[in-house]
Amino acid sequence: MRHRQRRRRSPGGPAQVTAKLTIPFVGEISGTWEPADSERSAAWELYLELVTRVSVEELDPDEGFLREALSSLYTFFTTTREILRRYGPDVAPPLAPGHVSFGVLAVTVLNRVLRPLLASWHPRLTAYESQRPPGRDPVAHERQWEHAEELRAEIRAVRQTLVSLARTLQEVAGVSDLIDLPAPRSPRSPRSPGSGHPPPAGQRGPDGSGA
């Protein structure tokens, strides 16, 4: 069986990256990834899915909705399978030991990270939701669940893996960071020097101009 050799570097991404993912409660997967053009395209699609979902956002104790988080992870599971089907065998070729591919990383995340979480917690949360009294706020009801914090902890662990995956996909796709975007500046925030506003009193030069 022939193993894939390093291919011509295509514009927009490195010829080789080191991928490393921590699998919650299991261990770690790592290896060298020499992406083909089809893998770069698949990486961009999956990266876009990750950065536009709550799956890579922090779920603070007093914020967020567990049902929304699980639903987002479930649809991400489905979307990932669709990307794998669309690009086919080109994203999962035979590899030499110590190497990984888009297919290896994507299927590992599906089967070792998302499937255990969803299989365990989706039915348990559904059962608890079915006990919500009529007229009671769903969020308030969810936050009183005795297992809510346990589920949040597992979602946080899964999120770390997904963020690591997103960083690797970003590097392979050769695109900018769309996870840690700069926060918008408040319209009332102080203007920087040179913005057109005169400097405060005491900061003018001897001739009356700005220092």
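Guide: Helix axes are lines fitted to C-alpha atoms over the stretch in contact, and the angles between them run from 0 to 180 degrees between N-to-C directions. The model discussed here is a predicted one.

Visitor: At what angle do the axes of H1 and H2 cross, and are the helices roughly parallel or roughly antiparallel?
Guide: The two axes come within 11 Å of each other and cross at roughly 165 degrees. Because angles over 145 degrees count as roughly antiparallel, that value makes H1 and H2 roughly antiparallel.

Visitor: Is the crossing of H1 and H2 left-handed or right-handed, and how many residues of its contact are charged?
Guide: H1 passes H2 in a right-handed crossing. The contact brings Ser38, Ser41, Ala42, Glu45, Leu46, Glu49 and Leu50 of H1 against Phe76, Thr79, Thr80, Ile83, Arg86 and Tyr87 of H2. Divided by class, the residues of this contact comprise 6 nonpolar and 4 polar ones, and the number of charged residues is 3.

Visitor: Are H1 and H5 oblique or roughly antiparallel to each other?
Guide: Helix H1, residues 37-51, packs on helix H5, residues 148-173, at about 140 degrees, with the axes 8 Å apart. Angles over 145 degrees would count as roughly antiparallel. The arrangement of H1 and H5 is therefore oblique.

Visitor: How many nonpolar residues does the contact of H1 with H5 have?
Guide: In this left-handed crossing, Arg40, Ala43, Trp44, Leu46, Tyr47 and Leu50 of H1 meet Leu162, Leu165, Ala166, Leu169, Gln170, Val172 and Ala173 of H5. Beside 1 polar and 1 charged residue, the number of nonpolar residues in the contact is 11.

Visitor: How are H3 and H5 oriented to each other, roughly parallel or roughly antiparallel?
Guide: H3 and H5 pack with their axes 11 Å apart, at an angle of about 165 degrees, and their crossing is left-handed. The contact includes Phe102, Leu105, Leu114 and Trp121 of H3, and among its H5 residues are Leu162, Leu165, Thr168 and Leu169; by class, it divides into 13 nonpolar, 2 polar and 3 charged residues. From the angle it follows that H3 and H5 are roughly antiparallel.

Visitor: Which element gives the most residues to the largest nonpolar core?
Guide: That core has 46 residues, and those with the most contacts inside it are Trp33, Phe102, Leu114 and Leu169. Two or more residues each come from strand E1 (17-23), strand E2 (27-33), H1, helix H2 (66-87), helix H3 (102-129) and H5. With 12 residues, the element that gives the most is H3.

Visitor: Is Leu46 buried or exposed?
Guide: Leu46 is found in helix H1 and, beyond four places in sequence, touches Phe76, Thr80, Ile83, Phe102, Leu165 and Leu169. Because its relative accessibility is 1%, Leu46 counts as buried.

Visitor: How far apart are the C-alpha atoms of Ile29 and Thr108?
Guide: Ile29 is in strand E2 and counts as buried because its relative accessibility is 18%. Apart from residues up to four places away, Ile29 touches Ala19, Lys20, Leu21, Ile23, Val104 and Thr108. Although Ile29 and Thr108 are 79 residues apart along the chain, their C-alpha atoms are separated by 8.6 Å.

Visitor: What is the relative accessibility of Thr168?
Guide: Thr168, which lies in helix H5, is in contact with Val17, Ala19, Trp33 and Leu105 once its neighbours within four places are left aside. Thr168 counts as buried because its relative accessibility is 8%.

Methods: Residues are numbered from 1 along each chain as its sequence is written. This is a predicted model: local features need pLDDT of at least 70, side-chain atom pairs count only at pLDDT 80 or more; totals for chains, interfaces and linings use all residues. Side-chain values use heavy atoms; hydrogens and water are left out. Helices (H or I, at least four residues) and strands (E, at least two) are DSSP runs, numbered from the N terminus. Angles under 35 degrees count as roughly parallel, over 145 as roughly antiparallel, 65 to 115 as roughly perpendicular and the rest as oblique. A crossing is left-handed if the near helix is turned anticlockwise from the far one by less than a right angle, and right-handed if clockwise. Contact means heavy atoms within 4.5 Å. Ala, Val, Leu, Ile, Met, Phe, Trp, Tyr, Cys and Pro count as nonpolar, Asp, Glu, Lys and Arg as charged, and the others, Gly among them, as polar. A nonpolar core is a set of buried Ala, Val, Leu, Ile, Met, Phe, Trp, Tyr and Cys residues joined through side-chain atoms within 4.5 Å. Buried means under 20% relative accessible area, exposed over 50%, partly exposed in between (1.4 Å probe, protein chains only).
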